[in-house]
Amino acid sequence: MVTLEKIAHLAEECRFDTMGPTGGVDTEKLSTLGEGTRHDVCASTFSPRETPLPGICHAFTQDGRCVSLFKTLYTNHCTHQCSYCTNAANCSRKARAFSYTPEELAKITISLYRSNYIEGLFLSSGAGRDEDAIMEKMVETARLLRQKHAFSGYIHLKVLPGSTRDHIKEAMALADRVSINLEAASASHMNEICATKSYESDILQRQRYIRDMKSEISETSETILPAGQTTQLVVGAAGESDEEIFKRVLYEYKEIGVKRAYYSAFSPQRGTPFENREAQPLWREHRLYQMDWLFRVYRFQPGEICHAFNDSGFLYDTDPKMAIAREFMDLPVDPNTAAFQQLLRVPGIGPRSAQRIVAFRKKQPIVAKAELTAMGVRIKRAAPFLKINGWRDTTLEMWQA
Ligand code: SF4
């Protein structure tokens, strides 16, 4: 386990100019800047996303591999006024302000990397007094890692709202992934959360820069930003519905081309203007991830997905795939004849089990539930929607009873 002291010790061996009060690396700084990333999500609730210690987090790659990242702010000083954030200028209980220098942060990262504690860096930041200056230092950190220390690990750089096109381009050339936090579902929700950021020009316009520069550079066949652009939203801070959030996310996937959207259930923090607002349940975040999965992986159409929302546009704490199946699947599906996409719509059948069904039935017909179970189908969920051997042996009503 990597303790804070261990991180400090590794960093200390680098002999920085900027030492803490005891002559060693300042563990308060490591801890504060690590904890300051609590609003930045690097993994969904499908995976354990708790940071075991300030500074180290676990994320999952697209192929399901767990990677450890050094997750930190460059600085926790910020002039923005996001009403849920403890780093914000309008928070009355702010931690002491700290900043790294690019050299210091690059050395800590490379020490942890060479000691096999991490596989990459997740670097976010407050905007400082001047977001251009902070963005430049974040880019400089990445440049030192890549060019001076020959760092070949993973880098995820947050792009600060309002960053210049040049800084974004440099960040894209050095990082595996960049992201700008969308935070809110619309400009009006953003106004409710933070009066100092422009939704259109500080955030959406910067996302378009990334999209356009990535496609321009890709035309020259250079590999750039292999892990793409992502974004994240705070769920429920401004009273927005799940449907409003999801419509925005659809826009992000279709028009901006983000690889992933991340969701973070609003949790009130002491000293912030939103400290008395109601915390949002984690299940709300989890159900949004399931909806996201249905759209990205199962290729459900927005017209189908919208049936999971209630009349007020909120999700229930129930599997949205089941809710959609109850709405759409009047007739049971025969696994011997159903198209792949039809199979995917059956609760309890995922892409892998659907593939196995298609492969199996090419050789012989499926005649028993046990065969489906062996193919990975969660038969208790699937049975009410299936007809095997001409029989549907469990009705939806029986299943619900
Ligand atoms: S921009 Fe907003 S969310 Fe980010 S650190 Fe500043 S106040 Fe916090």
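Here are some friendly notes on the predicted model above, taken point by point.

1. Ground rules. Residues are numbered from 1 along each chain as its sequence is written, and side-chain values use heavy atoms, with hydrogens and water left out. As this is a predicted model, local features need pLDDT of at least 70 and side-chain atom pairs count only at pLDDT 80 or more, while totals for chains, interfaces and linings use all residues.

2. Confidence. The mean pLDDT (the predictor's confidence in each residue, from 0 to 100) is 89 for the chain, and 88% of the residues score at least 70. Helix H8 has the highest confidence, at 98, and helix H16 (residues 396–400) the lowest, at a mean of 48. Residues 15–23 also have pLDDT below 50, with 14 contacts in the model beyond near neighbours in sequence. Residues 46–52 stay under 50 too, and the model gives them 17 contacts beyond four places in sequence. Where pLDDT is low, the predicted coordinates should not be read in detail.

3. Overall make-up. The chain has 16 helices and seven strands; these are DSSP runs numbered from the N terminus, helices being H or I of at least four residues and strands E of at least two. Of the 401 residues, 55% are buried, where buried means under 20% relative accessible area with a 1.4 Å probe, protein chains only. Taking contacts (heavy atoms within 4.5 Å) between residues at least 6 apart in sequence, 66% join residues at least 24 apart.

4. The sheet. Seven strands make an open sheet with mixed pairing, in the order E1-E2-E3-E4-E5-E6-E7; strands pair if DSSP finds at least two bridges between them. Strand E1 (56–60) and strand E7 (260–265) are the edges, each pairing on one side only. From one strand to the next the twist averages 25°.

5. Strand pairs. Strand E2 (residues 66–73) runs parallel to E3, with five bridges, and Leu73 stands opposite Ser124 in E3. Strand E5 (residues 177–179) and strand E6 (residues 229–235) are also paired in the parallel sense, over two bridges; here Ser179 stands opposite Thr230 in E6.

6. Helices on the sheet. Helix H3 (residues 102–114) touches E2 and E3, and its direction makes about 160° with that of E2. H8 packs on the sheet against E6 and E7, at about 170° to the direction of E6. These angles run from 0 to 180 degrees between N-to-C directions, with axes fitted to C-alpha atoms, for helices over the stretch in contact.

7. Strand E3. Which way do the residues of E3 point? Gly120, Phe122 and Ser124 face one way and Leu121 and Leu123 the other, and all are buried.

8. H8 against H9. Two packed helices are described by the angle between their axes and the distance between the axes. The axes of helix H8 (residues 242–256) and helix H9 (residues 282–296) come within 11 Å and cross at roughly 40°. Residues in this contact include Phe246, Val249 and Tyr253 of H8 and Leu288, Met291 and Phe295 of H9. The contact residues comprise eight nonpolar, no polar and five charged, with Ala, Val, Leu, Ile, Met, Phe, Trp, Tyr, Cys and Pro counted as nonpolar, Asp, Glu, Lys and Arg as charged, and the others, Gly among them, as polar.

9. Thr86. Thr86 sits in the loop between E2 and H3. Is Thr86 buried or exposed? Thr86 counts as buried because its relative accessible area is 16%. Leaving aside neighbours within four places in sequence, its contacts include Arg38, His39, Cys91 and Gln269.

Notes: Buried < 20%, exposed > 50% of the residue type's maximum accessible area, 1.4 Å probe, protein only.
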